[in-house]
Amino acid sequence: MGMFKTMANAWKIPEMRKKILFTLLMLVVFRLGSNIPVPCINRASLQAMFASNDSGLFGLFDLFSGGSFSNFTIFALSITPYITSSIILQLLTVAIPALEEMARSGEEGKRKIAELTRYITVGLALIQAIGYTFGLFRNVLSDNSIFAKIVIVLVLVAGTAFLMWLGEKINEKGIGNGISLIIFAGIVSRIPTTLRSTFTGIKNGTLSVITVILFAVFALAVIVGVILIQEGTRKIPVQYAKRVVGRKMYGGQSTHIPIKVNQAGVIPVIFAVSILQLPATIAYMAPSSGFASFYSKWLSAKGNPGIWVYFVFDILMIVFFTYFYGAISFNPVEIAENMKTQGGFIPGIRPGKSTSDYISKVMSRLNFVSAIFLAIIASMPTLLTHWTNLPVNFGGTSIIIAVGVALDTMKAIETQMVMRNYSGFLK
């Protein structure tokens, strides 16, 4: 109810209403583009190719593209090249001092990092587009001329570049994180297809009603768990010493440092899925190669024993990116130094290094809980689908991303409303 109340209050503010409408309009544009096929495609051959695929090669890409990949539309590459380029730059920022200095140099540095991200995104999109056009989709082209293939490659790259621009426009003029909302829209758009497949399976007798009910209960438990983890906060008490400046006394009050249980949000899950797509991308580019067969058996979520290898790698990637993103977004040493400068201390902990070590220990424990929770929730539906044959496209990874993005967007709306209330008060 609180979410609907927040939306209703935001709708009453003209500026907020304009931002919400702009965001919705951009998402509508995304969904419209997701239904525009690239030129020179034989639709019957395309459907036959995807219908005959049972190796799980296409599931990961369809997750982020909202079905655009399987329909080979202008947004078939989705926003994954942008996410991959972001991962590459964040890892390089830690390893290369020049990039680290650039990231810390304020708005100008962020602008340069964003520009580098765009260049890398276009490069990755070009490589993927060439691989798909001359590899995976070469047998479904109605025109095999070089000119037709070049046109398809340019259309796919332009589609990714447009989605990147769309996400940045949402960041600038809309509400929430544009890239995350595009992924969210793609995931949510698949719910009707999943429901239709489920009802068809029940009607044909291939699915048990009890199995569907159990999965629905599991999905509800996942949503509740994600909300609890996303909203959970560890409050570290902080006491400020009293200081006398002239005739006035400052300090003496008690406060706390709020540290979220899931500091990284849905970023670890999105990054993990993107990394797991890399071997799939190579397999897509050469579907008849030995690597494609190796991937289908050993790395695919539908392979045997590939499902277990995928399960382990998914968990490891989520754990790694949870700790990595937590480390680059929260600096205990800087917080400890700021507290020491302002005369603050944690009761029972010495200021300085002891304080930073204590905060690091708390962060490590929270990251462990968050990583294990996200890894289990993201991986378990893969195993359940494997055991029950339930045709669920809206699995644990999708639920985590969808719920996490929805919560982050609502927080962004609440933050902007609070800022406007303060502005009105100051005026």
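A salt bridge, for today, is a side-chain nitrogen of Lys or Arg within 4 Å of a carboxyl oxygen of Asp or Glu. Quick housekeeping: this is a predicted model, where local features need pLDDT of at least 70, side-chain atom pairs count only at pLDDT 80 or more, and totals for chains, interfaces and linings use all residues. Residues are numbered from 1 along each chain as its sequence is written, and side-chain values use heavy atoms, with hydrogens and water left out.

Take Arg 118 and Glu 168, whose closest N and O atoms sit 2.9 Å apart. That pair links distant parts of the chain, 50 residues apart: Arg 118 is in helix α8 and Glu 168 in helix α9 (residues 146-173). Helices here are DSSP runs (H or I, at least four residues), numbered from the N terminus.

How exposed is Arg 118? It's partly exposed, at 32% relative accessibility; buried means under 20% relative accessible area, exposed over 50%, and partly exposed in between, with a 1.4 Å probe and protein chains only. Glu 168 comes in at 24%, so it counts as partly exposed too.

Staying in α8 (residues 106-136), Arg 111 and Glu 108 are three residues apart, about one turn. Their closest N and O atoms are 2.6 Å apart in a salt bridge, and together with Glu 115 they're linked in a network of such bridges.

Glu 172 counts as exposed, because its relative accessibility is 51%.

Methods:
Helix = DSSP H or I, 4+ residues; strand = E, 2+ residues; numbered from the N terminus.
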